[in-house]
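Visitor: Hello! I am new to this structure, and I would like someone to walk me through it.

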Amino acid sequence: TIYTRATASLIDALATAGLGDAPFHAVCIRAPVIERVGDGVEVMARIDGSPALVRDGAIMVAIFHPELAGDRRLHELFVG
């Protein structure tokens, strides 16, 4: 984990379910927190033990900016 200058911002290499073996570099800028998930919600990635990427059917929520990672896998999964 690399913490940047902005408060609560970081870049972290995540092991992400559904995106293959290569880590996904999550860019968090003043990231919100997912406090809890309901039944049936898949936690696809965690940062420091807390959910960072979750999915419920066609709905996906991330606390990071996948568009800043230069990695299209998450977008391809969403579109697919």
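Guide: Welcome! This is a predicted model, where local features need pLDDT of at least 70, side-chain atom pairs count only at pLDDT 80 or more, and totals for chains, interfaces and linings use all residues. Residues are numbered from 1 along each chain as its sequence is written, and side-chain values use heavy atoms, with hydrogens and water left out.

Visitor: Which pattern does the chain follow along the sequence?

Guide: Helices (H or I, at least four residues) and strands (E, at least two) are DSSP runs, numbered from the N terminus. The chain has six strands and one helix. Read along the sequence, the pattern is β-β-β-β-β-β-α.

Visitor: What percentage of the residues count as buried?

Guide: Buried means under 20% relative accessible area, with exposed over 50% and partly exposed in between (1.4 Å probe, protein chains only). The chain has 80 residues, and the share of them that counts as buried is 31%.

Visitor: What order do the three strands of the open sheet take?

Guide: Two strands pair if DSSP finds at least two bridges between them. Strand β4 (residues 42–47) and strand β5 (residues 50–56) are joined by five bridges, while β5 and strand β6 (residues 59–62) pair over four bridges. The pairing in this open sheet is antiparallel, and the order is β4-β5-β6.

Visitor: Which are the edge strands?

Guide: In the order β4-β5-β6, an edge strand pairs on one side only.

Visitor: Which residue is the bridge partner of V43 in β5?

Guide: β4 and β5 run antiparallel, and R46 stands opposite P51 in β5. For V43, the bridge partner in β5 is V54.

Visitor: Which residue takes a positive phi in the hairpin of β5 and β6?

Guide: The hairpin of β4 and β5 has two residues between its strands, and D48 in that turn has a positive phi of about 50°. In the hairpin of β5 and β6, there are also two residues between the strands, and D56 stands opposite I59 in β6. The residue there with a positive phi, near 65°, is G57.

Visitor: How much of the accessible surface belongs to carbon and sulfur atoms?

Guide: Accessible areas come from the Shrake-Rupley method with a 1.4 Å probe; for residues, only the protein chains shown count as cover. The accessible surface of the chain comes to about 5300 Å², and the part belonging to carbon and sulfur atoms is 54%.
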